[in-house]
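Dear colleague,

I am passing on to you the structure shown just below, together with some notes on what turned up in it. Please read the notes with the structure open beside you.

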Protein chains: 2
Amino acid sequence: MAAIGIIGGTGHLGKAIARRLAKAGHSVSIGSRDGERARATATEIGARTGGTNAAMAAGQEVLIVTVPFAAQAATLAEIAPHIGDAVVVDTTVPLVPPKVMRVQLPAAGSAAQTAAALLGPAVRLVSGFHNVAAHILDTDALVDCDVLVFGDDVPARNVVIGLAADMGLRGLSGGALANSAAAEALTSVLIYLNKTYAADGAGIRFTGLTTAPAV
Amino acid sequence: MAAIGIIGGTGHLGKAIARRLAKAGHSVSIGSRDGERARATATEIGARTGGTNAAMAAGQEVLIVTVPFAAQAATLAEIAPHIGDAVVVDTTVPLVPPKVMRVQLPAAGSAAQTAAALLGPAVRLVSGFHNVAAHILDTDALVDCDVLVFGDDVPARNVVIGLAADMGLRGLSGGALANSAAAEALTSVLIYLNKTYAADGAGIRFTGLTTAPAV
């Protein structure tokens with residue numbers, strides 16, 4: 001079981017991820033801009049503790065960053081001094097309101113590559129969890145959606161694929177960090193599909209894989 | 001039934017699309033740089049006729065462009081004078097050999113937007129068929145993969161969703177032409193998944209949609 005800090009862990013996605021990881025037995029710390037609110041969320045979902053993002057970033061094995069695109073740069077700058085050897089999982093989807101149904105990838109190619117530029121090459125960076133519907137993940141229901149995990153550090157990527165499995169999700173390696181653009185762009189398409197096809201949490205499943213674990 | 005020209009119709013994807021559309025009863029013309037080869041392919045798969053790309057582009061209701069990324073610009077320039085009112089379906093995936101498992105989207109954001117810039121606003125442009133495995137499409141087997149169709153011309157987009165259904169595929173609107181980046185990027189991920197998970201034609205299915213037709 002791993003020591004995991006959820007940065008932005010009072011938001012929809014962060015809270016849902018934290019709940020599932022805590023339930024699986026991991027030692028989960030909730031970080032937020034508002035330390036008091038983080039402590040309340042930690043109590044609510046059975047996490048170990050809560051506090052400010054910076055405080056919760058220190059001393060972890062894995063940090064999962066779940067903040068809106070607009071807060072990505074500031075949040076990464078805030079936690080950067082405390083990352084150490086932790087695997088950092090960036091879940092940022094580059095949605096640009098109000099046109100959230102339109103793919104608008106950042107200049108770096110993806111939010112993951114934006115994070116890489118901000119954190120530098122020494123940080124073990126992975127991206128993932130871009131396509132799961134947070135409101136379904138936040139229940140015990142089956143999440144009918146695969147989780148693509150991207151990164152150039154293969155052992156780090158495998159750690160996160162394992163965490164997805166602990167959460168009851170099928171994690172798949174999607175390859176290099178640069179490939180994160182595919183999953184990030186897909187989120188705008190999923191939002192569009194939700195509206196167009198009267199869905200409540202459209203997801204994706206990959207077909208034809210022969211050696212991937214089924215969930 | 002529609003008059004459809006397949007530009008680059010002797011390639012793997014073009015030939016497979018042509019075969020399924022011809023079988024569904026459409027009047028299919030095969031275009032190729034090599035008119036003689038196009039005529040041979042037309043005979044082989046039961047299409048109406050074959051010839052050079054320029055000759056086959058004229059007088060069609062739908063043109064489906066299935067050429068490699070490196071040939072996209074020259075091919076579109078070649079057929080542009082003959083498009084008229086036809087709906088143009090660009091299937092180009094911006095793979096940049098040798099790193100075809102790495103997402104490398106073009107400067108315009110996507111190959112579809114590259115096509116839009118080349119053809120100008122008067123052409124009724126749609127993109128689609130980026131993710132289907134050509135070697136499965138070229139058989140009568142079930143293709144376990146949804147087809148996302150992108151475009152800013154909604155009636156044109158719906159024409160192509162209908163053609164996907166005629167081919168035994170589930171076509172889904174993916175929204176604006178700019179969203180084509182998602183499906184184009186995903187193709188590199190699918191190639192990576194094929195290699196990593198010992199798959200032979202990995203595909204994607206969207207889950208949770210309530211009003212989409214099942215295929």
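This is a predicted model: local features need pLDDT of at least 70, side-chain atom pairs count only at pLDDT 80 or more; totals for chains, interfaces and linings use all residues.

**What was found**

Strand E8(B) is largely enclosed by the rest of the structure, because five of its five residues are buried; a residue counts as buried if 20 or more other C-beta atoms, placed from the backbone, lie within 10 Å of its own, as exposed if 12 or fewer do, and as partly exposed in between.

Residues are numbered from 1 along each chain as its sequence is written, while chains are lettered from A and ligands numbered from 1 in the order in which they are written. For chain A the mean pLDDT (the predictor's confidence in each residue, from 0 to 100) is 96, and 98% of the residues of this chain reach 70 or more. For the complex, the predictor gives an ipTM of 0.96 and a pTM of 0.96.

To return to E8(B), this strand pairs with strand E7 (residues 147-151) of chain B in the parallel sense over four bridges, where two strands are said to pair if DSSP finds at least two bridges between them. Within that pairing, Phe150(B) has Gly175(B) of E8(B) as its bridge partner.

In chain A, eight strands form an open sheet of mixed pairing, in the order E3-E2-E1-E4-E5-E6-E7-E8. Its edge strands, each of which pairs on one side only, are E3 (49-52) and E8 (171-175) of chain A, and neighbouring strands of the sheet are turned against each other by 25 degrees on average, direction ignored. Inside this sheet, strand E4 (residues 62-65) and strand E5 (residues 87-90) of chain A pair in the parallel sense over four bridges, and Val62(A) has Val87(A) as its bridge partner in E5(A). Helix H7 (residues 154-166) of chain A packs on the sheet, touching E4, E5, E6 (124-127), E7 (147-151) and E8 of chain A, and the direction of the helix makes about 165 degrees with that of E7(A); axes here are lines fitted to C-alpha atoms, for helices over the stretch in contact, and angles run from 0 to 180 degrees between N-to-C directions.

The two chains also touch each other, and the contact takes 39 residues from chain B and 39 residues from chain A, two residues being in contact if their C-beta atoms, placed from the backbone, lie within 7 Å. On the side of chain B that touches chain A, the elements that give two or more residues are strand E8 (171-175), helix H8 (180-196) and strand E9 (203-207) of chain B, and H8(B) gives the most, with nine residues. Strand E9 (residues 203-207) of chain A pairs with E9(B) in the antiparallel sense over five bridges, and in this pairing Gly203(A) stands opposite Thr207(B). Leaving aside neighbours within four places in sequence, Ala182(B) is in contact with several residues, among them Val103(A), Ala182(A) and Gly174(B).

Finally, there are some backbone details to look at. A cis peptide bond, with omega about 5 degrees, joins Pro97(A) and Pro98(A), and Pro98(A) has its place in the loop between E5 and helix H5 (111-119) of chain A. In chain B, the peptide bond from Pro97(B) to Pro98(B) is cis, with omega near 5 degrees. Ala198(A), which lies in the loop between helix H8 (180-196) and E9 of chain A, has a phi near 50 degrees, a positive value in a residue other than glycine, and counts as partly exposed with 13 C-beta neighbours inside 10 Å. Ala198(B), in the loop between H8 and E9 of chain B, has a positive phi near 50 degrees. As background, most residues other than glycine have a negative phi, and most peptide bonds are trans.

With kind regards
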